[in-house]
Amino acid sequence: MKIGIGNDHVAVEYKRAIKTYIEDKYGYEVINYGTDSTERFHYPKSGKAVAEAVIANEIDKGILICGTGVGIGISANKVKGIRCVICSEPYSAKLSRQHNDTNVLAFGSRVVGIEVAKMIVDEWLAAEYEGGRHQIRLDMISDIENQRNTENNHEL
């Protein structure tokens, strides 16, 4: 499995720790799409890069880290086909995979401790999409994503 990882200048150490953790524990290849510098780096760049790599099937899943996880996660979610979950605890990470088939995970280096971040990653990587009743909702989300901005259709 290939995991893409992206970050901004605030999350360089977290990125390094999570990359090493995944490589050591799972043996997955982790590809860096973020910065290794603590000089100001704009998180939308790595959020977009990871998201586009997921959509292009260059990587299987993506992990994004900035100060809160919010901005970088929002950036990824702007790419069509991305379902990025922004998590601060493991339970939501697990259910986001099981129910929403999330393909990108985001969290904040200023929000969670590194051990909690590892638990979030573990739950997210271990969980599998359940399909079934959840597919109806994913299809509805895709319909929203595919609607043109000029449409005035509020029915789902």
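## Salt bridges

A salt bridge is a side-chain nitrogen of Lys or Arg within 4 Å of a carboxyl oxygen of Asp or Glu. This structure, a predicted model, holds 8 salt bridges. Some of them are described here.

Arg16 is partly exposed, with a relative accessible area of 36%. Glu13 is exposed, at 54%.

A second pair sits in helix H5 (residues 114-126). Here Glu115 forms a salt bridge with Lys118. The closest N and O atoms are 3.3 Å apart. Glu115 and Lys118 are 3 residues apart in this helix, so about one helical turn separates them. Lys118 has a relative accessible area of 18%. That is under 20%, so Lys118 counts as buried.

Arg83 counts as partly exposed, at 24% relative accessibility. Asp101 is partly exposed as well, with a relative accessible area of 21%.

## The annotated positions

The UniProt record, an unreviewed entry, gives the annotation "active site" to Cys66 and His99. The two are spread over 34 residues of sequence. They are also spread in space, up to 24.8 Å between C-alpha atoms.

Cys66 is found in strand S3, residues 61-66. Is Cys66 buried or exposed? Cys66 counts as buried because its relative accessibility is 3%, and buried means under 20%. Leaving aside neighbours within four places in sequence, Cys66 is in contact with Asp8, Ala11, Tyr43, Gly71, Ile72, Phe107, Gly108 and Ser109.

His99 has its place in helix H4, residues 90-100. His99 is partly exposed, with a relative accessible area of 24%. Which residues does His99 touch, not counting those up to four places away in sequence? They are Tyr129, Glu130, His134 and Leu138.

## The largest pocket

The largest pocket has a volume of about 180 Å³. Which residues line the largest pocket? One stretch of the lining includes Asn77, Lys78, Val79, Lys80, Gly81, Ile82, Arg83 and Cys84. Leu138, Ile141, Ser142 and Glu145 line the pocket too.

Helix H6 (residues 133-146) gives the largest share of the lining, 4 residues. By type, the lining residues divide into 5 nonpolar, 3 polar and 4 charged.

Terms used: Residues are numbered from 1 along each chain as its sequence is written. This is a predicted model: local features need pLDDT of at least 70, side-chain atom pairs count only at pLDDT 80 or more; totals for chains, interfaces and linings use all residues. Side-chain values use heavy atoms; hydrogens and water are left out. On a 1 Å grid over the protein atoms alone, a cavity is a set of points where a 1.4 Å probe fits but cannot get out, and a pocket is an open set with protein on both sides within 12 Å along at least five of seven lines; lining residues have an atom within 4 Å of a point. Grid points are joined across faces, edges and corners, and a volume is the space filled by probe spheres set on the points. Helices (H or I, at least four residues) and strands (E, at least two) are DSSP runs, numbered from the N terminus. Ala, Val, Leu, Ile, Met, Phe, Trp, Tyr, Cys and Pro count as nonpolar, Asp, Glu, Lys and Arg as charged, and the others, Gly among them, as polar. UniProt positions are given in the numbering used here, feature names are shortened, and annotations may be inferred rather than shown by experiment. Buried means under 20% relative accessible area, exposed over 50%, partly exposed in between (1.4 Å probe, protein chains only). Contact means heavy atoms within 4.5 Å.
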